[in-house]
Amino acid sequence: MDDGRIARVLPLTTTRALRGSFDYLIPAGVTVDVGTLVDIPFAHRRMLGVVSGTAPDSDVPPERLATIAAVHDSSLPGDLVDLAEWVASEYCSTTARALALMLPPGAGRSAPARPTLTAALTPAGEVALAGETRLSAGQHAALARLAADGPTPARAIGTSLLRRLEQRGLVTIAAASVRRDPRRHTVSSAAADAPPLTVGQQVALSAVTDCIRTGAHAELLLSGVTGSGKTEVYLAAAAATLAAGRGVIILVPEIGLTAQARARFEARLGAVVAVLHSGLTAAERAEEWRRVRSGEARVAIGARSAVFAPVDDLGLIVIDEEHESSYKHEGDPRYDARLVAARRARYFSAVMLSGSATPRPESVATQRTLTMPSRVDGRPLPRVEILDMRGRHHPLHPEARAALAEVRRSGAKAVVLLNRRGWSNFLSCADCGRVWSCPNCDVSLILHRAGGPAHVACHHCGHSEPAPCRCPDCGSVSVARHGAGTEALEQELLAVVGADPGFPVLRLDADSPGHEARARTLAAFHAAPAGVLVGTQMIAKGHDFADVSLGIVLDADQTLRFPDFRAEERTFALLTQLAGRTGRGAGGDGRVLVQTRAPAARPILLAARHDSVGFLAGELGRRAGLRYPPYSTLIRVICSSPEPEPAQRVATALRAAIGDAPDRYRVLGPAPLFRLRNRHRSQLQIRAADRGGAISAVRAAVDALVHARALTRVAVSVDVDPQ
Ligand code: ADP
Ligand code: ZN
Ligand code: ZN
């Protein structure tokens, strides 16, 4: 038989029971390769599939093999097929589900036509071919072919090989149908716009460019205080990577930050930039994906999922604000974009550059740290004062009220953070003690008064009902409200500063519907000469406000009370990030007030001293003692079902199947979790010294239950490195 008569195809089915690839005959006259998208007959349907390999022969007799029905125009690069298999095994998922994250947008519907990139020889290329220039055998062959055949489709020769020749001016590469964008060649001249770098930036950058120059794989952590100018380092590193002829991925923690990132990278690097995220229309996403895949765009920017951008010959992956939990995906496969980035960087022998003012202990332990300890403008970090709230009942400390009044008098700006949205976080009957809770989840309902009639809502499932006037159980009209949220705080602040259009009080939290409403609020705060922005942790994220002279955090120990080993890290990060929003620009030195009932808690004390190094050292010590990550791997398995019994039974069966291997991993549970969206839940927690061994054991146990059809009415979710 001919070589490559059989294609191994991964069908894009969501069924967990069907794993691995299936053999198909390749129709005569058709070529397929790893990554080619094909339509195949599968389980009596026509289904999209991805070719994972070709072979001369199959174990299945030829008369029982089906034939590929159609070959799509677009294809995945081979490295992404390999990556999908890795994601599937690392996160106990299936290759099909992992591939679904990587497919060109709209794949499976009509495949958009792909303009072909065409390479042509330049006069310098002709000279080089005549023997004046050093060329590798591959480069020589490519130039010789262009000389003989004239302009040739780039993929017929190899796009990354041609890109290197293009860098040397020996060939041109252009979309046959599209005129070449002149900005492509302005990379170096546009770089003149870069400000002269500070010493800190220079030192960090040269560590990065050393790695880029040698082409060695490296994982670098840019640990720089807020305002130290990390973005300039990313920009310069990206420019250096492009100059070396390689591609770049830039990850930002949320979609709302992509537009700003795109503007900065495009201004510096020219039109080589594409943006990939779910906020674009399907057509826009398809076009941006195609630009990256074809090599027209060499820099892909986006949130978490852009880590799968089909960038050829990847040289650099930047992860901005690497501490953000949004890099973890909350659906199957529950991948962590930071780990996927590390894997891709290793594959391409590329540089991964993570950056944060509050890096994770995990990153500090595993990456080479580059430090930028001072702000670009030389300003000190703001003074942080801790206000003890024990024995106090008013939500704002007198000092905080006085500071707000002072901001009001001087016409400055303040941000106030309270990590609790709504008006009150629970209601109870003062007479019989009834608590208003969600009918679908075991949680209390939150009172909301802003945005329409007052109502109580569940923040987990979205259940909502009118706010009660009386208790349905005992008829009492005294319904007590507990725990003020951002809505109540907004009113409280209005009472302190007074209603005045010249000094607006704006609120930003997840209740502001959609990205646009949040962007409008942020823009209004930016534009206002003075005012207060109150909100949840959202206000501490990545936004660069000039002129904020006061920051206030209410209930700073709230995040500490979470039963989670990351509670300390989260608290430290939140306070440090909020402080970072304060005292930039011309508004004088900043001041931050931290209200707490735990004034002696380590993360709060160390954040007040801006002591990131001390915090990380202590935190790593604590985690080493308790065998928490990075000194172990955690895996969480949650079984859920409409009744309590099946979830509990499956969790118990899984526990038995996973077994215990004390020197490699330990299993805790099953433990009941609170009911969520009408599903009862039971959890196992695995703490492993042997990551790979524990993942395999969990996967084998889940697969065995799937094959035994033991999972009717029970859903099992496996989360490796849960957040
Ligand atoms: P970080 O991300 O580290 O908090 P940014 O990258 O947002 O800091 O930089 C803070 C501010 O300093 C930005 O407005 C940026 O344009 C400016 N900046 C950065 N580097 C320089 C420099 N070398 N000279 C002058 N301004 C700079
Ligand atoms: Zn009652
Ligand atoms: Zn609910």
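Reader: How far from an oxygen atom of ligand 1 does a backbone N or O atom of Ser228 lie?

Author: This is a predicted model, in which local features need pLDDT of at least 70, side-chain atom pairs count only at pLDDT 80 or more, and totals for chains, interfaces and linings use all residues. Residues are numbered from 1 along each chain as its sequence is written, chains are lettered from A and ligands numbered from 1 in the order in which they are written, and side-chain values use heavy atoms, with hydrogens and water left out. A polar contact is a pair of N or O atoms within 3.5 Å; within protein, one must be able to donate a hydrogen and the other to accept it, and residues adjacent in sequence count only if both atoms are side-chain atoms. For Ser228, the separation between a backbone N or O atom and an oxygen atom of ligand 1 is 3.3 Å.

Reader: Which residue has a backbone N or O atom 2.9 Å from a nitrogen atom of ligand 1?

Author: The backbone also meets ligand 1 at Gly229, where a polar backbone atom is 3.0 Å from an oxygen atom of the ligand. The contact to a nitrogen atom of ligand 1, at 2.9 Å, is made by a backbone N or O atom of Pro196.

Reader: How much of the area that ligand 1 exposes when taken alone does the protein bury?

Author: Accessible areas come from the Shrake-Rupley method with a 1.4 Å probe, and for residues only the protein chains shown count as cover. Taken alone, ligand 1 exposes 570 Å². The share of this that the protein buries is 71%.

Reader: What geometry does the site of the zinc ion (ligand 2) have?

Author: Donors are N, O and S atoms within 2.8 Å of the metal (3.2 Å for Na, K and Ca); water is not among the atoms, so sites may look incomplete. The SG atoms of Cys429, Cys432, Cys471 and Cys474 coordinate ligand 2 at 2.3 to 2.4 Å. Four donors count as tetrahedral if all angles lie between 85 and 135 degrees; four count as square planar and six as octahedral if opposite donors are over 155 degrees apart and all others between 65 and 115; anything else is irregular. The angles here are 101 to 114°, and the site is tetrahedral.

Reader: How are the donor residues of the zinc ion (ligand 3) spaced in sequence?

Author: The donors of ligand 3 are the SG atoms of Cys438, Cys441, Cys458 and Cys461, at 2.3 to 2.4 Å. Their angles of 101 to 114° make this arrangement tetrahedral. In sequence, the spacing is C-x2-C-x16-C-x2-C.

Reader: Is Cys438 buried or exposed?

Author: Cys438 lies in the loop between S18 and S19 and Cys461 in the loop between strand S20 (455–457) and S21, so the pair ties together parts that are 23 residues apart in sequence. Buried means under 20% relative accessible area, exposed over 50%, and partly exposed in between (1.4 Å probe, protein chains only). Cys461, at 26%, is partly exposed. With a relative accessible area of 3%, Cys438 is buried.

Reader: What is the omega of the peptide bond from Gly669 to Pro670?

Author: Most residues other than glycine have a negative phi, and most peptide bonds are trans. Pro670 is placed in strand S28 (residues 665–676). The bond from Gly669 to Pro670 is cis, with omega near 5°.

Reader: Where is Glu321 found?

Author: Glu321 has a positive phi, near 50°, in a residue other than glycine. Its relative accessible area is 12%, so Glu321 is buried. Its place is the loop between S13 and H12.

Methods
Helix = DSSP H or I, 4+ residues; strand = E, 2+ residues; numbered from the N terminus.
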